[in-house]
Amino acid sequence: MSTTKKMPAFWRRRSLRFWLATGMVMSILPIFASAVAGYLLYHQTIIKPLVEVSSKQQSILQPLQNMQLSLWDVSQSVIDFAIDGEVQRKTAYRSEAEQIDTNFANLSIAMTARGLAVRDINEAQHEWRALSTVSNTILSGGFQQVDPVVGEQVEEFETRINRLGHQIETVRDAVRSKNDRMYEQALASLTLSERLVALGFVVSIIGALLGIMIINRSLVSSMDQLAAGAMSVAIGDRDHLIEIQIPRELTSVADAFNLMTKRIREQEDVLEHIARTDGLTGLYNRREFDRILAEELQRAKRYDRPVSLIIGDIDHFKKFNDTHGHQAGDEALCVVAHELTENLRETDKACRFGGEEFVVVLPECDAKTARQVAERIRLAVEARVLQLDGDQTVTLTISLGVATSPNNGETPKTLLKSADSALYKSKEHGRNRVMSAV
Ligand SMILES: Nc1nc2c(ncn2[C@@H]2O[C@H](COP(=O)(O)OP(=O)(O)OP(=O)(O)O)[C@@H](O)[C@H]2O)c(=O)[nH]1
């Protein structure tokens, strides 16, 4: 019998469907979770920052760069005008200045939308306005190269435009360095994602193995146990108990199988009892007697111990039958059988030899003791009063012959023959007596 440790009742109640579903979910869940987590991670930490970087590139860095170029053109137009007084310098200036105005407006909107500090760009715009005033003053005059006032104005213009160029460069550097940081973060996230994907892969494999283990444990190994148990019972091991704990359906099959085995065992016990005993008296039958005697003689020989055999025959039983009827005869046989068993040790085996003849095998019993046992039986039968139909009572007697191995025979045949001869002598000497073989 197996001694498998009991699972908690909660698990034992789970069905096959439950175990299969659990196994499948365990296999698929890590893959699904990895996919969702991977998507979220990629989107949040890589794609989004990269989109941000590229959009900043377009909406902030590009206009800043354009503005720097425009400032250079503006500077050229104003200084050239101060030198040559050409009217087309004014037109070029206006066009560039308009572009710078538009760029300042757009940059302010774009930077606010992206949560960037607009203080620097506002200061730059303020500086640009101050510069525009100086530019317009220079451009509103004629060709005055030698005028010292114009020289001062140009000097102020140059100082202011340099400062503005520097301010714009500062803003550009700040945005660029923030962009670079985001880009680096995105790259770091990419590396982390790759590691997480590898981890997810390992977890998925473990999950899949776990799922396979669950299916194997709940189904395959239980089926194997069931098959092995059925085979054990089929080859005759009636004590084999199939102990399946999961799934519930196979547990029911195992329970039914165990119950069936128990019933078979009970029926076999009944059949075996019937095959070994006499239906009327309940004593061992002739076939069992042959087996017992052979076995005891063998054992006695091996250990050099005595075995005795008593054979008893009810006296004038034909007459009893004829007088009181066959049914009363049967009752008498049962009474004698009862007296036999009542006067024996537990190790002694009483058998019905056939008809009204009985035999008793007495292991470890010498001739003297066997004779005493036979005498006790004889007296018990003689003393027993049978109550027949009506108020009629009747008594019986029995003749007995005793033989002991090895002196009176070492084989079943010779020992039985000796006991039978002793019984014959009992009958010859007047019945209701015990005679021992010599
Ligand atoms: N009622 C009954 N009678 C049986 C049974 N088996 C054998 N007998 C009867 O037992 C009787 C045996 O008779 P005999 O062998 O002549 O022996 P006996 O009349 O006892 O004479 P002795 O043995 O010489 O004393 C027969 O009449 C059998 O029919 C049985 O199972 N039931």
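Axes here are lines fitted to C-alpha atoms, for helices over the stretch in contact, and angles run from 0 to 180 degrees between N-to-C directions. What you're looking at is a predicted model, where local features need pLDDT of at least 70, side-chain atom pairs count only at pLDDT 80 or more, and totals for chains, interfaces and linings use all residues. Residues are numbered from 1 along each chain as its sequence is written.

**The helix pair**
- Helix H8 (residues 317–324) and helix H9 (residues 326–342) pack with their axes 6 Å apart, at an angle of about 135°; helices are DSSP runs of H or I, at least four residues, numbered from the N terminus.
- That makes H8 oblique to H9 (under 35 degrees is roughly parallel, over 145 roughly antiparallel, 65 to 115 roughly perpendicular, and the rest oblique).
- From H8, Phe317, Phe320, Asn321 and His324 meet His326, Ala328, Gly329 and Ala332 of H9 (contact means C-beta atoms, placed from the backbone, within 7 Å).
- This H8–H9 contact has 4 nonpolar residues, 4 polar and no charged (Ala, Val, Leu, Ile, Met, Phe, Trp, Tyr, Cys and Pro are nonpolar, Asp, Glu, Lys and Arg charged, and the others, Gly among them, polar).

**Around the ligand**
- The ligand has 17 residues around it, the closest being Asp315, Phe317, Lys318, Gly329 and Gly355 (C-beta atom, placed from the backbone, within 6 Å).
- H8, H9 and strand E1 (307–314) each give the shell at least two residues (a strand is a DSSP run of E, at least two residues).
- By type, the shell splits into 8 charged, 5 polar and 4 nonpolar residues.

Conventions:
Two residues are in contact if their C-beta atoms, placed from the backbone, lie within 7 Å.
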